[in-house]
Amino acid sequence: MSGFLSIRNLTVRLKSGVTILRSVSLDVAQGQVHGLVGESGAGKSMIGKAVLGTLPRALQVTGGEIWLDGENLLALPHDTRRKRIGATAALIPQDPLTALNPSKRIGPQITRRLVDILAWTRSDAEARALELLGEVQIPDPARVMRSYPHELSGGMRQRILIASAFAAEPKLIIADEPTTALDVTVQKQILRLIADMQVRHGTSLLFVTHDLGVVSKVCDTLSVLYAGKVVEEARMHRFFMRPIHPYSRALLAATPTYLDPTGSLTPVPESVISAVEEEVRLHDVRFGT
Amino acid sequence: MTLLRAFLIRFVTTIVTLFGVAVIVFVVIRVVPGNPIAMMLPPGATDADIARLEEQYGFDKSIFEQFLIWLGGVMQGNFGTSISLRQPVSDLVLGRLPATLELSIVALFIAVAIGGALALTGTRYRDTKTEGAVDVTAGMALSIPDFLWGLILILLFGVLWPVFHISGRISPSLNIDFSTNFYLFEALVRLRFDVIADLIGHMFMPALALAIPLAAIIAQLLKQSLKETMHLDYVTLARTKGYGENYVITREALPNAVLPTLTLVGVQFTFLIGGTVIIERLFSYEGLGNMAIDAVINRDLPLIQGIVILFALLFTLVNLFVDMLYVILNPRLRHA
Amino acid sequence: MRDARGEVRRPIGLRLWLSGGWLTLLVLGALLAPWVAPKDPLMQDLFLGRMPPFWVAGTEPGYWLGTDSLGRDVLSRILYGTRLALIVALVAGTLTCLIGATLGLIAGYYRGWPDRIISRFVDIWMAFPPVLFAILLIAVLGPGLVSIIIAIVVIDWTRFARVVRAEAMSQGAMDYVASAQVAGRTRFGTMLTEILPNVLPTIVALLTLEMGIAVIVEAILSFVNLSISTDSPTWGGMIAEGRTSVHQAWWVLVFPLITLFLTVLSFSQLGEGLKDRFDPVLR
């Protein structure tokens, strides 16, 4: 299948030579939610960063293609690419406490880019921001627009970031562990909010998380990433019924909420990990890394 | 409530500091072995003449009594009479203060402009040779004190390529009547561009000499702070919104990076003002510092006393101003 | 990131060599001045006044860097001036460091009332313009080597006290210090064995920096004619004379100025280099 966002054989390396992503391919279909699962350090956040062009300076893309809306981003000149991303994609970041500029009021943080990049009028942008803040269920949006980030709670700030992500009606949103930094009670509300907003706006969503339980609630398809490599790509239903890859099976067994909410946690067995590592090693040999 | 408390503590420590400065200067200059009064009089003066003058200036009393008399005068705004110039100290000192203030403020502007530009350039081209060049430049500029920069500038722009005046504050040939001693400010208000050009021609080198070390500190601190800010999530988020590097640095990172450097720059600015003493001497600039050195050489005790207290007051005010600016610029404190 | 930082740090070896080399040259010049100086630094010859340096046509052989208005040899005066500059740098620098660092260590580690008293004094000192304070002290003490050294120590001890206090305070808050005390070490012992070694790289860097500053302060005092007796050669005195005749005889200003410049730069670069080399947890 070929999606709205289609990543083909993406390879990312540290400048020192260590490979972070090994020939990663995945697709996010139009209007669908694709989960990207893996343990921390597997490189899942780097995929999102590679798409958005915000990889840390020490990392570089050494191969592959990133197709967004029929255009290979990696083939575009730097400035064109940045503007294309700004107009068609958006990010819901992980930590709402650090993702808002502490020296600016909330209003401009949502409206500025609409005016600067997309050439909206100020009043249109402000009306849009008010509307969206209402949509993400923020009480008294007009007052919040005038507030500074430190005056708001973490949950509020995440709602604002969600509203801001949807402000320009992007066709793709990348949510990078959007609930990890929040309280458990707030997590559920935010998750439901993201899912609702996605359905209402028909946006394609790449949902990056380490939590299979979360994926099971919001995603249509998913990819499992291990050590910088996609080990399984599947539709949700099939994945949870018949996971193919041993690492996927182990991951499922280690997730208490889905198959057996009362059961004990089963750690990923050593044998599985060594098997996957062997596979990754073989891959490296094959692709000459 | 806490703000009021902080203000009161601040006020008390300021008074203690100024009092301490006064005591130290008083004690230090009164162990002078030479007799300043004897130096003032012609060689043939009798002991009676000396005694009369000593009484007039109060030098016949004990240090403690002298201090109390002086303090009593200060409370009424009377800082005594200069021995060498025979005018009230407050008139002399306030007459020279504008020259030093103008010099310091022009130097501050130059320092912020150069230092800020270096910091922004270093951040824009971080982890490249350009950043390395900024680091080396700032490191060199910082290790050389203002006095040496002044001499180097005299050689460069006074001798090798004589474009600036190397001494004085204004060309005597201009012959213009100022109603205040803030020449530059007054010339700006009156839009006398010829006078402004002449004043800047005199002021540029001393101001630049004072500014270079401060510019280097600003470049180092601000660049450090900017680079740390550039890793934060809101900067990354701004990038995904389609903003370019220049916008991200100046609009997203800069306002937050300025705050942590502000307090340190404030302290460094007081060092800059302290540097005017020797720089004014070097460029024969008619300011407070130049007068201070003359006062020391002439053993003019009341004048020294007045100038040192004024400097101390100036330093305290700068620190107070910086603290207020910090509160104004920081939204967290502004609403607290 | 790490790679780039490594690249930036590489020139330090060169930096240490260059600054160390220049300072060694100065020490040799100072020690061997009577043998290497081509002329008597005090010898005046009014017929040879303001002779340009050797590469300019029409000079007297033997006066390599020219002469001042009284016909004294500039090179010889610089060499003899080095003696005073280096003595001031070593003695004043070391004394300032000992006094300032000790007070800073006590204030930062013991906290409480010793800290309050020392910090109050530091605040008062910070309200003085340092150059004016030094000039005032020399005026009171009378010119001379001892007065210069006293003046430098008195105006600059706060530099050490401030920095060392802050470092000792942050070190004192760390766990290993607490565990050393639980292990039964006395407070004073902990200060010397646990705190001091960690603050030492900073102290060393500040010390070499202070030596450069001491040289400058001496030059400034000579410049306002308050250093030691007027006829003995000092860099600052030469600079003061050169400043007045800069349009007629630039070399009288330029050569002592270059010497002073390289010396101050070397002291500070040596300090930075040593700090980078000996600080186990750099930045």
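Biologist: How many residues of chain B are in contact with chain C?
Modeller: In this predicted model, where local features need pLDDT of at least 70, side-chain atom pairs count only at pLDDT 80 or more, while totals for chains, interfaces and linings use all residues. Residues are numbered from 1 along each chain as its sequence is written, and chains are lettered from A and ligands numbered from 1 in the order in which they are written. There are 34 residues of chain B in contact with 32 residues of chain C, contact being C-beta atoms, placed from the backbone, within 7 Å.

Biologist: Which element of chain B gives the most to that side?
Modeller: Helix α1(B) does, with seven residues; helices are DSSP runs of H or I, at least four residues, numbered from the N terminus.

Biologist: What classes of residue make up that side of chain B?
Modeller: It has 24 nonpolar, seven polar and three charged residues. Ala, Val, Leu, Ile, Met, Phe, Trp, Tyr, Cys and Pro count as nonpolar, Asp, Glu, Lys and Arg as charged, and the others, Gly among them, as polar.

Biologist: And how many residues of chain B touch chain A?
Modeller: Here 17 residues of chain B are in contact with 25 residues of chain A. Helix α10(B) gives the most to this side of chain B, with six residues. By class, the side divides into five nonpolar, six polar and six charged residues.

Biologist: Turning to chain C, which residues of α5(C) meet α6(C)?
Modeller: Among them are F133(C), L137(C) and L141(C), and the residues they meet in α6(C) include I148(C) and V154(C).

Note on methods. Two residues are in contact if their C-beta atoms, placed from the backbone, lie within 7 Å. Helices (H or I, at least four residues) and strands (E, at least two) are DSSP runs, numbered from the N terminus.
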